[in-house]
Amino acid sequence: MTDYHNASTEQWLQWDKDHIWHPYSSMLTPAKMVPVISAKGIRLTLADGKELIDGMSSWWSAIHGYNHPSLNAAANAQLSDMSHVMFGGITHPAAAALGKRLVDLTPAELSKVFISDSGSVAVEVAIKMALQYWYSIGNQNKTRLLALRNGYHGDTFGAMATCDPVTGMHHLFTKVLPAHLFADAPRTAFGESASDDDMAQITDLLEQHHGELAAVIVEPIVQGAGGMRFYSGDYLRKLRTLCDKFDVLLIHDEIATGFGRTGKLFACEHANISPDIMCVGKALTGGYLSLAATLCSDRIADGICNGEAGVFMHGPTFMGNPLACSIANASIDLLLADDWQSNIQRIERILKKELAAASPLKSVTEVRCLGAIGVIELKDNVDMASIQARFIAKGIWMRPFGKLVYTMPPYIISDDDLVYLCQQIVAAVAEEE
């Protein structure tokens, strides 16, 4: 038996190096891993006792920070009953309550909830819903999707096929992925009216291909891993109108944007529209456990269930996990119990003020902020190893990618800690010059 509790830091780091494949990493030249042994509030504690302010919210999910008493209590209470039970033929209070809560919080048209175990799976479910809907109502021609350049929807195969083939990081798999259609990324900035020119290409694609298109899938307002781009709510409004005109479903991937990150509870609220299908995840459990959900309208659910199969053809083993659902309910309660909108506005003000100091740097193309998202876009790709070492030396945890140094801090971060985080980000970027 491997007793990791009594192993030295050197021992378990060596086990990790020898056997563990980390995301987007090489087993031949593995990157040096940062050994975290505990986390509380907004701080990660390393094996040597050093503390880092987490500027990433664990890939955007730990909105309440770590070791939160309310979320811990929810987890412990659920553990005393059961940590898991299959969802086939069985239900439980935590899942039922979560489904009702999500329906209450999202646009009124979204009335049905499929609970899954990760964001990528939520996207897979959304795609299958759209495809099965059209098949079920007798239209077998609608088998393709329309997505946006610079979009990113996950790493599983259905999701990969809707990511930008270049910026989506999946070009190696192009020959085995379904061939979907892609429109140019929106060029209209957040807060501005989308021009006819900006809508022209996606309008043409819908007009030409609507007979074979099951759905359009987009990340509303913020394109995340494809470039941290912010775009116009008016673009979304016009896209909703186009989808209605050409009888194509609209899928919103709110996995990164949901639960307040952009300043609205869900990013679609910036456009005051509803998609036909919506995916949520990441912050759903406050970063405690992997959980996601795909919501749809009665139209979609009724169409599928009146069709040939009579049921939706999907069912993950850990669907509706009680432990994750209980924590998700507590996380939503925690978010809504506070004046979360004012809090996000506070974070946005500080991000805008402090990150602006990076604008004059020669290496910087643009600084942009929206809600609790701050982005410094560089002219060249960062040297990940060197810049991350500087971040750690300055007492912060950041995970840039490509030309983007960005932060999505936990919502509980104090003014002083956020100012410090931003100042150290700017200082580290300045040292890149």
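This is a predicted model: local features need pLDDT of at least 70, side-chain atom pairs count only at pLDDT 80 or more; totals for chains, interfaces and linings use all residues.

Colleague: How many salt bridges does the rule find across the interface of domain 1 and domain 2?

Modeller: The chain is divided into domain 1, covering 34-67 and 339-431, and domain 2, covering 71-337. The contact draws 27 residues from domain 1 and 29 residues from domain 2. Polar contacts do occur between the two domains, with 12 residue pairs counted at pLDDT 80 or more for both partners. For salt bridges across this interface, however, the count is 0.

Colleague: How much area do domain 1 and domain 2 bury between them?

Modeller: The C-alpha centres of the two domains lie 27 Å apart. Of the area buried between domain 1 and domain 2, 66% is on carbon and sulfur atoms, and the total is about 2,300 Å².

Colleague: On the side of domain 1 that touches domain 2, how many residues are nonpolar, polar and charged?

Modeller: Among the elements that each supply at least two residues to the side of domain 1 touching domain 2 are helix H2 (57-60), helix H11 (340-355) and strand E13 (364-370). The residues on this side divide into 18 nonpolar, 7 polar and 2 charged.

Colleague: Against which elements do the buried residues of H12 pack?

Modeller: Helix H12 spans residues 384-393, and its buried residues are Ile387, Gln388, Arg390, Phe391 and Ile392. After the helix comes Gly395, with a positive phi near 85°. The buried residues of H12 pack against strand E3 (51-54), strand E15 (396-397), strand E16 and helix H13 (415-430).

Colleague: Which residues are linked with Arg390 in a network of salt bridges?

Modeller: Arg390 meets Glu431 in a salt bridge, at 3.2 Å from N to O. This pair links distant parts of the chain, Arg390 in helix H12 and Glu431 in the segment after H13, 41 residues apart. Arg390 counts as buried because its relative accessibility is 18%, whereas Glu431, at 42%, counts as partly exposed. The network joins Arg390 to Lys394, Glu431 and Glu432.

Colleague: Is Ala183 buried or exposed?

Modeller: Ala183 is found in strand E6, residues 181-183. Leaving aside neighbours within four places in sequence, its contacts include Leu146, Leu148, Ile202 and Leu205. With a relative accessibility of 1%, Ala183 is buried.

Colleague: Why does the pair of Arg187 and Asp198 tie together separate parts, and how many residues apart in sequence are they?

Modeller: The closest N and O atoms of Arg187 and Asp198 are 3.8 Å apart, and the pair forms a salt bridge. Arg187 is exposed at 53% relative accessibility, while Asp198 is buried at 6%. Arg187 lies in the loop between E6 and helix H7 (196-209) and Asp198 in helix H7, so the parts tied together are separated in sequence by 11 residues.

Colleague: Are the partners Arg240 and Asp276 buried or exposed?

Modeller: Arg240 and Asp276 form a salt bridge whose closest N and O atoms are 3.0 Å apart. Arg240 sits in helix H8 (residues 233-246) and Asp276 in the loop between strand E10 (249-253) and strand E11 (277-280), 36 residues apart. The threshold for buried is under 20% relative accessible area. Arg240 has 10% and Asp276 has 9%, so each of the two counts as buried.

Colleague: What is the phi of Trp59?

Modeller: Trp59 lies in helix H2 and is partly exposed, with a relative accessible area of 44%. Although Trp59 is not a glycine, its phi is positive, at about 55°.

Colleague: And what is the phi of Tyr24?

Modeller: Tyr24 lies in the loop between helix H1 (9-19) and strand E1 (36-40). Its relative accessible area of 53% makes Tyr24 exposed. Tyr24 is not a glycine, yet its phi is positive, at about 50°.

Technical notes:
Residues are numbered from 1 along each chain as its sequence is written. Side-chain values use heavy atoms; hydrogens and water are left out. Domain bounds come from an automatic or database domain assignment. Contact means heavy atoms within 4.5 Å. Buried area is the accessible area (1.4 Å probe) that two parts lose on being put together, summed over both. A salt bridge is a side-chain nitrogen of Lys or Arg within 4 Å of a carboxyl oxygen of Asp or Glu. A polar contact is a pair of N or O atoms within 3.5 Å; within protein, one must be able to donate a hydrogen and the other to accept it, and residues adjacent in sequence count only if both atoms are side-chain atoms. Helices (H or I, at least four residues) and strands (E, at least two) are DSSP runs, numbered from the N terminus. Ala, Val, Leu, Ile, Met, Phe, Trp, Tyr, Cys and Pro count as nonpolar, Asp, Glu, Lys and Arg as charged, and the others, Gly among them, as polar. Buried means under 20% relative accessible area, exposed over 50%, partly exposed in between (1.4 Å probe, protein chains only).
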